[in-house]
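Q: I have a model open and want to go through the fold with you. Can we start with the strands and then move to the packing?

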Amino acid sequence: MSADAIAPVEEIPTDGTLLFTMRTRDGDGATDEAIEVVLSRRDDNVVAYRNYCKHWTDVRLDKGSGAAVRDDELVCQRHGATFDRESGVCTFGPCEGAVLDNVDIRVADETVYLVEEEFEFGSLGGDESRDLSSGGGRIGFDGV
Ligand code: FES
């Protein structure tokens, strides 16, 4: 299995997350669907989760620049569900007990690599086709 370099470990903020996009890999190297992922780091431990909430799975965790971290937990921007950074378990909120979808990575030589067989690294940042004006197309409790 090939591994694509994502970013140096030191570029992943410990008080936030680093957003990147991976794309499906096919036999010809062509790509189609873009999937956003958030990288979270506590000290030297790095984990990666698909960037969507377990409450409403069509809602991203972030507002376009990576998921927020508060009190050492990832926070969903829509209704404030919180997720343990290292396990991805929802510790509070409407999806309490659910677990974020993990993305396979490894760290070597101070660099984070994507090791998903079906995906290849796309780019740092979010999906360029993402509409940041709609907030995910669902109406939240606060009316946005
Ligand atoms: S969509 Fe994330 S807590 Fe509701």
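Q: In strand 11, what is the bridge partner of Thr21?
A: Ser123 is the bridge partner of Thr21. Strands here are DSSP runs of E with at least two residues, numbered from the N terminus. This is a predicted model, where local features need pLDDT of at least 70, side-chain atom pairs count only at pLDDT 80 or more, and totals for chains, interfaces and linings use all residues. Residues are numbered from 1 along each chain as its sequence is written, and side-chain values use heavy atoms, with hydrogens and water left out.

Q: How many bridges join strand 2 to strand 11?
A: Five, and the two strands run antiparallel. Two strands pair if DSSP finds at least two bridges between them.

Q: What is the strand order in that open sheet?
A: The order is 4-3-2-11, with antiparallel pairing. Strand 4 (45-50) and strand 11 (119-124) are the edges, each pairing on one side only.

Q: Packing next. Which residues touch the most other members of the largest nonpolar core?
A: Ile6, Met22, Leu39 and Val112, out of 17 residues. Such a core is a set of buried (under 20% relative accessible area, 1.4 Å probe, protein chains only) Ala, Val, Leu, Ile, Met, Phe, Trp, Tyr and Cys residues joined through side-chain atoms within 4.5 Å. A second, separate core has 15 residues, among them Leu19 and Cys53.

Q: Where is Asp71, and is Asp71 exposed or buried?
A: Asp71 lies in the loop between strand 5 (68-70) and strand 6 (73-75). Its relative accessibility is 69%, so Asp71 counts as exposed, the cut-off being over 50%. Its phi is near 50°, a positive value in a residue other than glycine.

Key
Helices (H or I, at least four residues) and strands (E, at least two) are DSSP runs, numbered from the N terminus.
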